[in-house]
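Take a look at the structure below.

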Amino acid sequence: MDNDILIIDKPEGIPVHPNTYVNPAKTLVNKLAKITGREIYSVHRLDSVTSGVMVFACNSTAAAGLSRCFKERVIGKRYIALVRGYIEGTGTINIPLRPDKGRDPQEAETRFTSLCTTEIPEPIGRYAAARYSLVEAELVTGRPQQIRRHFQDVNHPVIGDKAHGDRDHNRFFRERFGSEGIFLRAYRLSFPHPNDPGSTVTAIAG
């Protein structure tokens, strides 16, 4: 944290912003304001079920600068995800996503790199063995639940995703490993510092 920005490793299960179903006092923005004693400005989002690195602005000038960086897509956002099935090499998912019912689909682009694959000799669903891939995903655009929806669209849903995932594989991880959460983590964020656009800040979550 400095006078302009606050970087945190967000835990899963905490909503960033208030909405119809969330008490504002229980949001991350409110909690951070209480901890720091300062007004905190949210400049991007992370699903409540997803953990990982986030940046917040500590004043309106920094908020405007960071928001401009996100709008101009000069922010680097990378995630690690465990998905169903084998994915090899690198690729790009270009599938427009509808933000809300009744609204037109918006451009959405996710780049990915396969890090490793594995097979578990367990019959799940209609297959004799379960195959998984660990992938790095980079957001080019930032649509709601983009990574989760994109990997579902290409038949490789994120493990543990209750909204867009595979029910049988989620149950297997829950019963075998006691895992209740989603296997998706924002691990790297890089951006120009709002008070010094010539410098780049890189934040990495362990």
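Which exposed residues does the face of helix 4 turned away from its buried side carry? They are Arg-167 and Glu-175. Keep in mind that this is a predicted model.

**Helix 4: two sides**

- Helix 4 spans residues 167-177, and its buried residues are His-169, Asn-170, Phe-172 and Phe-173.
- Seen down the helix axis, these buried residues fall within an arc of 155 degrees, so they line one face of helix 4.
- The buried residues pack against three strands: strand 4 (76-84), strand 6 (109-120) and strand 7 (130-139).
- Arg-167 and Glu-175 are exposed, on the face turned away from the buried side.

**Helix 4: two ends**

- Asp-166 caps the N-terminal end of helix 4. One of its side-chain oxygens lies 2.9 Å from the backbone nitrogen of Asp-168.

**A closer look at His-169**

- His-169 is found in helix 4.
- The relative accessible area of His-169 is 7%, so this residue counts as buried, the cut-off being under 20%.
- Neighbours within four places in sequence aside, His-169 is in contact with Arg-84, Ile-124, Ala-130, Tyr-132 and Ile-159.

**The nonpolar cores**

- In soluble globular proteins, nonpolar side chains tend to be buried together.
- The largest nonpolar core here has 26 residues. Phe-56 and Phe-151 touch the most other members.
- Not counting residues up to four places away in sequence, Phe-151 touches Val-83, Ile-87, Ile-93, Phe-112, Val-135, Ala-137, His-156, Pro-157 and Val-158.
- A second, separate core holds 16 residues, including Ile-5, Phe-70, Ile-75 and Ala-203.

**The cysteines**

- A disulfide is a covalent bond between the sulfur atoms of two cysteines.
- How many disulfides does a search of the whole structure find? The search finds 0.
- Cys-69 is in no disulfide. The nearest cysteine sulfur belongs to Cys-58 and is 15 Å away.
- Is Cys-69 buried or exposed? Cys-69 is buried, because its relative accessible area is 11%.
- Cys-116 has 40% relative accessibility, so Cys-116 counts as partly exposed.

Key. Residues are numbered from 1 along each chain as its sequence is written. This is a predicted model: local features need pLDDT of at least 70, side-chain atom pairs count only at pLDDT 80 or more; totals for chains, interfaces and linings use all residues. Side-chain values use heavy atoms; hydrogens and water are left out. Buried means under 20% relative accessible area, exposed over 50%, partly exposed in between (1.4 Å probe, protein chains only). Helices (H or I, at least four residues) and strands (E, at least two) are DSSP runs, numbered from the N terminus. The arc is that of the directions from the helix axis to the C-beta atoms. Contact means heavy atoms within 4.5 Å. A polar contact is a pair of N or O atoms within 3.5 Å; within protein, one must be able to donate a hydrogen and the other to accept it, and residues adjacent in sequence count only if both atoms are side-chain atoms. A nonpolar core is a set of buried Ala, Val, Leu, Ile, Met, Phe, Trp, Tyr and Cys residues joined through side-chain atoms within 4.5 Å. A disulfide is a pair of cysteine sulfur atoms within 2.5 Å.
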